[in-house]
Each structure stands twice: as structure tokens, then as C-alpha cells.
Amino acid sequence: MAFTRATGKHRLPSRMTRTTRRTVGVAALATTGVVGTLAAPAFAAESEIEQTGPLKAVTMGDTVAQEIDAQAVAQRQAAEQAAAREKAEAAAKKRAEEARAKAEKEREANARAAREAERKRLNAYTAPIAGSYVSTSYQAGGGVWSSGSHTGIDFHAASGTAVHAVGSGTVVEAGWGGSYGNQIVIKMVDGTYTQYGHLSSIGVSVGQTVTPGQQIALSGATGNVTGAHLHFEARTTAEYGSDMDPVAYLRGHGVNV
């Protein structure tokens, strides 16, 4: 009796057909980025024990999908963390730059303030004898002076009292001055000259620069005098005879005399 081979919908797929389908599935997985480490173990196992039916395919597909989702989540988290780090670093850099700019601005402001304070100090004037007063006025008459009148003013001062430069300038004379005794003449920064006479000692030398209030000598009674005091003159030149009113000169520079 002859047997007829099953055909149509009742025919089971041949081993070659099943293998072909698996090959097509691998190719499909490869195109989506799922490669060796995910797919190979499943198919290696199937090469030893043939597995059929839709259950295995569904199980393997779910595992691959889960792996892909996990990778995507990890990549997204890594990207978010990198973006957060970049943002934090940018913010820190901005704060550092702002702090440096602020510090530099403050340094410049302090430097300007210091320069301005020094400029004011160097342009300031002070009395030649602290806490003293004028004992003999300018152009006072009498036979005591060879010119017939007083060419400066006298400040009351005991011998050895500190004498100060009234302002900034350069010493042009320092030594014996005849009837003035020991004297100092200073060329001031404004081009005028000041003279200090009858000194008991001199503390500066020619060419030296002085600043307002700097001690330059000690008062005394050298030269043509009747007692210790400081003779002070304001001049237009360094020479005798170019005198001007010392009180008006000092007051014009803000000194209360």
C-alpha cells in the first residue's frame, strides 16, 4: 500500500527552513545594534538542542528589548550627569572670573585712593613749628635789621625745638648764612622758596627732597639774634631780597597762622 507525503498546512517546517528563519532573525537583530553578546548565547544553545514554537522567540525578544532599554537609560543618565558637570564647572568658572574681576577692581580703586592721598599729602602745607605763634611780624621796622625792616616772620621757639619743612621740595642751601646763622633754603614744588634761619643744627643736605612736616633742623640762636627763635621767609627766588609775606603765603596754602 502506497503512503502519500503530508502536504499543505499540515506539513511541519523542515530543519533547513527553521535554520533559515533563525538566520533572518539574527540579521534583523544585527541591524538594530544588538550583536554577539546578546544574541549569540541563545542561538548557541539552540544549535545543540533544537527549539521550536513561538515561546522561545518571544522570550529571547523580550530579553534583548530589556537589555536595549537598560543601555538607553544608562546612556541617558550618563549624558545628563555629564551635562550637569559641565553646567556646574561653567558656573564655578564664571564665579571665579567674577571674583577675580571684583578683586582687581578693588585693587585698582585702592591704588587710585592711595595715589590721591599721597598727592594730597605731598601738596599739603604745615607750620614750620608745631603749636607755636608769630612773635615778630613781616616787615616790622627797626634798626635790628640791616634792610630796615623784617624780611620774614619769627616763630617763638626755645633752642632745640624741631623745625619742619612747610611743604614738599628740594633743599638748595644748607649751611652758614651770615646774619641768618645756620640756615636752610628749600625750593618748593610750586616754584617758590622757603628759608629757615638761626638754627642750632641742620638735619638735611643740598639736593635732598623733603615732604610736608618732615623734620629738617632744630631751632636755635645762631647768627644775628637776641634770643632763640625760628626765622622763616617765603621768597620768589633763593636769594635774599625776593621775600614775600610769609603769613599770606602759608595761609594761601591752608596753614592757620
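Modeller: Before we start, one term: two residues are in contact when heavy atoms of theirs lie within 4.5 Å. Please note also that this is a predicted model.

Biologist: How confident is the prediction, as mean pLDDT of the chain?
Modeller: The mean pLDDT is 83, and 74% of the residues reach 70 or more. Over residues 1-50, however, pLDDT stays under 50. For that stretch the model has 22 contacts beyond four places in sequence.

Biologist: Let us turn to Glu233. Where does it lie, and is it buried or exposed?
Modeller: Glu233 lies in strand β9. Its relative accessible area is 0%, so it is buried.

Biologist: Which side chains have a polar contact with that of Glu233?
Modeller: The side chain of Thr151 is joined to that of Glu233 by a polar contact of 2.6 Å. Tyr180 is joined to Glu233 through side chains as well, by a polar contact of 2.6 Å.

Biologist: And which residues is Glu233 in contact with, leaving aside neighbours within four places in sequence?
Modeller: Glu233 is in contact with Thr151, Gly152, Tyr180, Tyr193, Thr194, Gln195, Asp243 and Pro246.

Biologist: Now the largest nonpolar core: how many residues does it have, and which elements give two or more?
Modeller: It has 26 residues. Strands β2, β5, β6, β8 and β9 and helix α4 each give two or more. Those with the most contacts inside the core are Val163, Ile184, Ile186, Tyr196 and Ile216.

Biologist: Take Ile184. What is it in contact with, again leaving aside neighbours within four places?
Modeller: Its contacts include Val171, Glu173, Tyr196, Leu199, Ile202, Val204 and Ile216. Thr194, Gln195 and Ala217 are also in contact with Ile184.

How values were computed:
Residues are numbered from 1 along each chain as its sequence is written. This is a predicted model: local features need pLDDT of at least 70, side-chain atom pairs count only at pLDDT 80 or more; totals for chains, interfaces and linings use all residues. Side-chain values use heavy atoms; hydrogens and water are left out. A nonpolar core is a set of buried Ala, Val, Leu, Ile, Met, Phe, Trp, Tyr and Cys residues joined through side-chain atoms within 4.5 Å. Buried means under 20% relative accessible area, exposed over 50%, partly exposed in between (1.4 Å probe, protein chains only). Helices (H or I, at least four residues) and strands (E, at least two) are DSSP runs, numbered from the N terminus. pLDDT is the predictor's confidence in each residue, from 0 to 100. A polar contact is a pair of N or O atoms within 3.5 Å; within protein, one must be able to donate a hydrogen and the other to accept it, and residues adjacent in sequence count only if both atoms are side-chain atoms.
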